[in-house]
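Subject: Structure handover

Hello,

Please find the structure below.

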Amino acid sequence: MGKGKIPLSVFSIPFGLAGLAGCWITAAEQNHVPVWVGNMILIITAVVWLAALAAYLRYALSGRGLLMADLVDTVAGPFASLAVITPMLLASHGLFPYAPTAGKVLVDIFVFLTVVLGGWFTGQWIYGALDIDTLHPGYFLPTVAGGLVAAEATATVGQFRVAEALLGLGVLCWFVLGSMIMGRLFFRPALPPALLPTVAIETAPPTLGSIAYFAINGDLVDSIAAFLAGYAVLMVLAQVRLLPAYLRLTFGPGTWVFAFSSAAVVTTALHWNGLQRPGGYTAYAFILLAAISAFIAWVAARTIQELMRRQFLPHAP
């Protein structure tokens, strides 16, 4: 990568911030906190998304073939999907409550782009030459995360049948890709340090699936919700074993993978906490919200610090 390279992983930053906003909005829906806090985070997310998009397009259009080279990159390519996934959350949670028609239109536009891009990536993976050792959990992003976030967004704006179809897209792609990715993680050499944060994405399918399912079924706990929760618990516990390796990583754009993965876990936990209402559930909600906010605030502060030092983005001699 040459100097001035803007990696596709920069789109992890607004996606992580959108995840934090989702935590606060969920807590607001349960009357724990005011809704304006989540809305402010969404506004910041929109600004950061526009900045990331402008910076990336400026880089990608500065040379012939750079955009396509990134899209067909077997390692970084899947992160391109976050550029169209994040705006679905901005439109459904930030715009729709105040301008329903505009919010629904923007959700539909970005759902369309997400599905088209997911289809393109699926075709590219079939058509192109892939090495099993380049496979990583980031491959969940275009179709699994894309489908599940789209399901939540369309359910939020009242398009429940579309949401069910998108939930099916995300879940079935999770089953197909998940078996291959887990096989690669189990039986092939360890991921290089730059890709190790993507293992945190293993928590995303069951948690994003839970969030989407709650949006579709009206926050009801049933067998399917329990099914998703069981696998989510397993994947969260698996992350504990990986903490020593995570703590040795160098800070960079990939660190934001931990932000959106953790935010999805916390949002799911907030849903369950609010629905089951165990003793002290209000305190649990504040503890969860404080923990995820402190973590993502630290990541954001460190990002600003590294940007000021010109050490955040990759450079080559």
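Predicted model: local features only at pLDDT ≥ 70, side-chain atom pairs only at ≥ 80, totals over all residues.

Residues are numbered from 1 along each chain as its sequence is written, and side-chain values use heavy atoms, with hydrogens and water left out.

A pocket here is an open set of points on a 1 Å grid over the protein atoms alone, where a 1.4 Å probe fits, with protein on both sides within 12 Å along at least five of seven lines; lining residues have an atom within 4 Å of a point. Grid points are joined across faces, edges and corners, and a volume is the space filled by probe spheres set on the points.

At least two lining residues of the second largest pocket come from each of α1, α2 (35-60), α4 (82-95), α6 (141-156), α8 (204-217) and α10. Helix α1 gives the largest share, eight residues. Helices are DSSP runs (H or I, at least four residues), numbered from the N terminus. By class, this lining has 21 nonpolar, nine polar and three charged residues (Ala, Val, Leu, Ile, Met, Phe, Trp, Tyr, Cys and Pro count as nonpolar, Asp, Glu, Lys and Arg as charged, the others, Gly among them, as polar).

The largest pocket holds about 1200 Å³ of space. Pro197, Leu249, Gly254, Thr255 and Phe258 are the closest to its centre among 43 lining residues. The elements giving two or more residues to this lining are α9 (223-247), α10 and α11 (281-308).

**Helix packing**

Helices α1 (residues 12-29) and α10 (residues 256-276) pack at about 15°, with axes 8 Å apart. Axes are lines fitted to C-alpha atoms, for helices over the stretch in contact, and angles run from 0 to 180 degrees between N-to-C directions. Helices α1 and α10 are therefore roughly parallel (angles under 35 degrees; over 145 is roughly antiparallel, 65 to 115 roughly perpendicular, the rest oblique).

The axes of α9 and α10 come within 12 Å and cross at roughly 140°, so this pair is oblique. In their contact (heavy atoms within 4.5 Å), Ala225, Ala226, Ala229, Val236 and Tyr246 of α9 meet Phe258, Val265 and Trp272 of α10. The contact has eight nonpolar, no polar and no charged residues.

Regards
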